Amino acid sequence: MTSPDRTVLAPCPGRVVAMADVPDPVFAEEMVGPGVAIEPSGGRTTVVSPIAGKVLKVLPHAFVVLGDGVGVLVHLGINTVRLEGEGFEVLASQGAEVAAGDPMITWDPSALPPSAGDQDVSPVVPVVLMDGVKGSVTTDALGSAVAAGDPLFALP
């Protein structure tokens, strides 16, 4: 079950950027799947589910929701796994059914350290269509500001 028009919603407020601009080659080269990313607005924010479905995986820094046979990954920042959950509050349960727009994780992207160990940390939030065909996600939202819950892209 996704939104009736098969739209993936913005999980957080910020500016939409191309996946190619994500400072991590795994995301930038769409190895995980196609999508877009959001440069999040500063300040504490609640990240919401981009689609309706079942929470397949929830970690402090990322989650996957499967709806209507489509999985969407939301990854909060780059190299944030190295923070070991510090600064993230998980609000959703693995295995739970969620509606598009339901709260998933609270965090403050402006409070991230510049690095973790020997890795640079970035607050950018990739929103990925899991196992999608490279280049199959397009959007008119690139470069524009979005609020959590605004349409981000249509499922191909």
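The model is predicted, so local features need pLDDT of at least 70 and side-chain atom pairs count only at pLDDT 80 or more, while totals for chains, interfaces and linings use all residues. Residues are numbered from 1 along each chain as its sequence is written, and side-chain values use heavy atoms, with hydrogens and water left out.

Side chains of opposite charge can pair when their charged atoms come close. A search of the whole structure finds 3 salt bridges (a side-chain nitrogen of Lys or Arg within 4 Å of a carboxyl oxygen of Asp or Glu).

**Stop 1.** Select D68 and R6, whose side chains form a salt bridge at 2.8 Å, N to O. D68 sits in the loop between β6 (62–67) and β7 (70–75) and R6 in the segment before β1 (7–9), so the pair ties together parts 62 residues apart in sequence. Strands (E, at least two residues) are DSSP runs, numbered from the N terminus. D68 is partly exposed, at 49% relative accessible area; buried means under 20%, exposed over 50%, partly exposed in between (1.4 Å probe, protein chains only). R6 is also partly exposed, at 28%.

**Stop 2.** Next, select E39 and R15, which meet in a salt bridge of 2.9 Å, N to O. E39 belongs to strand β3 (residues 35–40) and R15 to strand β2 (residues 14–18), 24 residues apart. E39 is partly exposed at 35%, and R15 is partly exposed at 38%.

**Stop 3.** Last, select R82 and D118, joined by a salt bridge of 3.9 Å, N to O. R82 lies in the loop between β7 and β8 (88–90), and D118 in the loop between β11 (115–116) and β12 (119–120), 36 residues apart. R82 is partly exposed at 42%, whereas D118 is exposed at 63%.

Conventions: Helix = DSSP H or I, 4+ residues; strand = E, 2+ residues; numbered from the N terminus.
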